[in-house]
Amino acid sequence: MTDMIALVPAAGSGSRFGAPSPKQYLQLNGHPLMWHTLATLAAVPAISRVVVVVSPHDEWFDDFEWDLPKLEVLRVGGACRAESVANGLAALDCAADDWVLVHDAARCCLSVAAVERLIAALADHPVGGLLALPVPDTVKRADAEGHVAATVPRNGLWLAQTPQMFRAGLLARALTTGAAADITDEASAIEKLGLRPLLVEGDAQNFKVTYPRDLALAKAILAARGAF
């Protein structure tokens with residue numbers, strides 16, 4: 001029987017956020033932002049382990065009381081997301097055919113229902129896949145001066161989210177096939193092998209907290225749910 005493991009790369013500095021600590025440790029409704037992410041993953045019955053990958057030089061993780069079931073920490077984070085995920089996979093004690101769900105630490109409004117929808121859709125899929133949203137708006141391509149260069153047809157365009165779910169062995173191989181700088185997410189690494197991940201419709205609330213203004217929206221969503 002295969003295991004299902006959530007892997008959360010959290011070695012980034014959050015430089016775009018401009019805060020004194022990485023954004024995953026900022027307070028959000030009484031907990032570090034990343035606590036909400038990890039709590040949702042831990043609440044999914046099918047997930048047996050929730051593994052967070054932090055930098056070997058992380059100065060913040062041990063300052064907080066996480067108190068979450070299934071939680072493990074690996075201090076093997078790399079210089080970029082792809083390195084952190086690859087290092088985490090190498091450090092995991094898991095089988096090649098175990099499922100790994102890689103999720104952004106800063107997508108703290110993830111719902112259990114969305115994760116379960118992804119798991120159900122990929123149960124018998126030969127490759128794996130990811131949560132994503134069809135692009136709802138008109139898309140413009142800009143020129144170097146910031147003017148509209150073209151309107152891009154949005155048919156078939158999706159916005160990638162996480163979790164992104166693949167077999168541990170396949171994902172580890174994909175992450176070592178190309179240069180880490182060219183891998184923007186796990187699906188892009190899998191695509192470089194000539195494989196086609198499945199797109200599973202996600203949720204607009206599963207957005208990535210990137211800028212300070214995003215915190216207010218995340219607070220409102222979590223408060224409205226009253227889940228944590």
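A residue is termed buried under 20% relative accessible area, exposed over 50%, and partly exposed in between (1.4 Å probe, protein chains only). The model is predicted: local features need pLDDT of at least 70, side-chain atom pairs count only at pLDDT 80 or more, and totals for chains, interfaces and linings use all residues. Residues are numbered from 1 along each chain as its sequence is written, and side-chain values use heavy atoms, without hydrogens and water.

**Exercise 1.** Determine whether I183 is buried or exposed, and locate it.

*Solution.* Step 1: the relative accessibility of I183 is 7%, so I183 counts as buried. Step 2: I183 belongs to the loop between α4 (168-175) and α5 (186-191); helices are DSSP runs of H or I with at least four residues, strands runs of E with at least two, numbered from the N terminus. Step 3: between the C-alpha atoms of I183 and A82 there are 6.5 Å, although 101 residues separate the two in sequence.

**Exercise 2.** Describe the surroundings of T37.

*Solution.* Step 1: T37 is part of helix α1 (residues 33-42), of which ten of ten residues are buried. Step 2: T37 has 0% relative accessibility and therefore counts as buried. Step 3: contact means heavy atoms within 4.5 Å; apart from neighbours within four places in sequence, T37 is in contact with H103, D104, A105, R107 and C108. Step 4: a polar atom of the T37 side chain lies 2.6 Å from the backbone oxygen of A105.

Note on methods: Polar contact = N/O pair within 3.5 Å; in protein donor to acceptor, adjacent residues only side chain to side chain.
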